Amino acid sequence: MKNISKLTLFLAFTFGISFSMAGLFYFLGGEYTTSDGTVLAIVYMFIPALSVVIVEKLVHREKIRDRLLISFKINSWFFIAWLLPPVIAFLTFGISLLFPGVTYTAGMEGLVERFEGTVSPEQMEEMQQSFVTMPLHPMLLILLFGLIAGITINAVAGFGEELGWRGFLVRQFENMKFWKAALIIGFIWGIWHAPIILMGHNYPQNPEIGVFMMTIWCILLSPLFLYITIKSKSVIAASIMHGTLNATGALAIISIKGGNDLITGLTGIAGFIALALVVSLLAAYDGLISREKIMSGVVGVFLPAVPEQNKNK
């Protein structure tokens with residue numbers, strides 16, 4: 001297998017294992033809205049990292065820590081990676097309110113409405129009751145717990161994906177221009193979600209169209225994640241951002257009513273607009289303020305050099 005390129009092996013293992021596992025779950029009668037579906041989603045997130053280990057360690061027997069940017073040297077970009085996701089969620093929330101038929105609600109009906117039909121009646125009742133007994137406004141609690149989860153358990157799950165997308169693939173595409181690398185990584189990342197999207201993940205009301213929407217969303221997110229990775233010089237920062245984005249995403253829909261999963265929420269059109277605005281601001285920063293012109297350059301120029309002992313081992 002060493003004669004096959006690392007990229008080909010990685011894609012074969014990642015998509016082969018992911019699609020096979022999701023297909024087996026579906027044909028065995030698994031339902032994504034159950035606890036079994038939750039387990040599937042968690043395991044699914046770790047498959048890119050598993051594929052990296054198979055390709056790098058088992059097939060090529062190489063060291064990966066420095067080369068794939070596994071660094072815990074904290075810098076300011078770690079904090080940006082941590083705090084930017086809730087900003088994106090709140091921005092998405094505000095943009096959603098500009099759409100016809102979408103209104104603000106203080107009673108959290110929007111979140112209940114979004115999950116109706118995708119969770120059991122008992123879970124729905126438990127969710128509604130929890131809103132009544134919460135000591136603080138649910139939006140504030142989601143923000144606080146989301147930030148905590150984003151740098152702990154969710155970051156671990158995020159690392160399961162990011163070691164593949166912003167670790168392995170970034171090194172594979174390091175000779176490309178920034179925007180080309182971001183586009184390709186985003187496309188791969190989006191298509192990889194297809195099986196669980198078809199089972200109801202993120203777009204339970206429109207799963208088929210959701211595959212297309214998820215791919216576009218990942219392409220829009222990709223420049224942001226790639227930039228954070230390069231600036232922080234760490235895939236761990238990207239993992240924190242990934243984990244926090246997942247943990248605080250409900251902020252975008254919890255206090256709105258109306259619309260659907262194609263319009264509102266982080267993965268809806270409102271989220272697309274929010275991401276486009278954030279990426280545009282980042283591009284302005286990169287072009288006008290930053291000393292490193294990352295977005296107009298080749299990715300590898302801005303990555304840490306690989307230690308000599310790791311190049312051929």
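Colleague: Which residues are linked in a network of salt bridges here?
Modeller: Lys 6, Glu 56, Glu 62 and Arg 67 are linked in such a network, where a salt bridge means a side-chain nitrogen of Lys or Arg within 4 Å of a carboxyl oxygen of Asp or Glu. Please keep in mind that this is a predicted model, in which local features need pLDDT of at least 70 and side-chain atom pairs count only at pLDDT 80 or more, while totals for chains, interfaces and linings use all residues. Residues are numbered from 1 along each chain as its sequence is written, and side-chain values use heavy atoms, with hydrogens and water left out.

Colleague: How far apart are N and O in the salt bridge of Arg 67 and Glu 56?
Modeller: The N to O distance between those two side chains is 2.8 Å. Arg 67 sits in the loop between H3 and H4 while Glu 56 belongs to helix H3, so the pair ties together parts that are eleven residues apart in sequence. Helices here are DSSP runs of H or I with at least four residues, strands are runs of E with at least two, and both are numbered from the N terminus.

Colleague: Is Glu 56 buried or exposed?
Modeller: Glu 56 counts as buried because its relative accessibility is 0%, and Arg 67, at 10%, counts as buried too. The cut-offs are under 20% relative accessible area for buried, over 50% for exposed and partly exposed in between, using a 1.4 Å probe and protein chains only.

Colleague: How many salt bridges does the structure hold?
Modeller: There are seven. One of them pairs Glu 162 with Arg 166, whose closest N and O atoms are 2.6 Å apart; both residues lie in helix H8, four residues apart, which is about one turn of the helix. Another joins the side chains of Lys 231 and Glu 292 at 3.4 Å, N to O. Since Lys 231 lies in helix H11 and Glu 292 in the loop between H13 and helix H14, that pair ties together parts that are 61 residues apart in sequence.

Colleague: Changing topic, what is Val 170 in contact with, leaving aside its neighbours within four places in sequence?
Modeller: With those neighbours set aside, Val 170 is in contact with Trp 165, Ile 185, Leu 226, Val 299 and Leu 303, contact meaning heavy atoms within 4.5 Å. Val 170 is found in helix H8, and it is buried, with a relative accessible area of 1%. The C-alpha atoms of Val 170 and Thr 229 are separated by 9.1 Å, although the two residues are 59 apart along the chain.

Colleague: And where does Lys 233 lie?
Modeller: Lys 233 is in the loop between helix H11 and H12, and it is partly exposed, with a relative accessible area of 35%. Its phi is near 60 degrees, a positive value in a residue other than glycine. As background, most residues other than glycine have a negative phi. Arg 61 also has a positive phi, of about 50 degrees, and Arg 61 lies in the loop between helix H3 and helix H4.

Colleague: What does Ser 71 touch, not counting residues up to four places away in sequence?
Modeller: Ser 71 touches Phe 78, Lys 233, Ser 234 and Ile 236 on that count. The side chain of Ser 71 also reaches the backbone nitrogen of Lys 73 at 3.3 Å. At the start of H12, a side-chain oxygen of Ser 234 reaches to within 2.9 Å of the backbone nitrogen of Ile 236.

Colleague: How many of the residues of H12 are buried?
Modeller: 13 of its 14 residues are buried, so the helix is mostly covered. Its end C-alpha atoms are 20 Å apart, which agrees with the 20 Å that the helix should span at 1.5 Å a residue, the expected span being 1.5 Å times one less than the number of residues.

Colleague: Last one, which residues make the nonpolar surface patch?
Modeller: Leu 91, Ile 269, Ile 273 and Leu 277 make a patch of about 290 Å², with areas taken from the Shrake-Rupley method with a 1.4 Å probe, where for residues only the protein chains shown count as cover. Patches are made of residues with over 30% relative accessible area and no salt bridge, joining like charges within 9 Å and nonpolar side chains (Val, Leu, Ile, Met, Phe, Trp, Tyr) within 5 Å. Helix H13 gives the most to the nonpolar patch, with three residues, while Leu 91 has its place in helix H4.

Key: A polar contact is a pair of N or O atoms within 3.5 Å; within protein, one must be able to donate a hydrogen and the other to accept it, and residues adjacent in sequence count only if both atoms are side-chain atoms.
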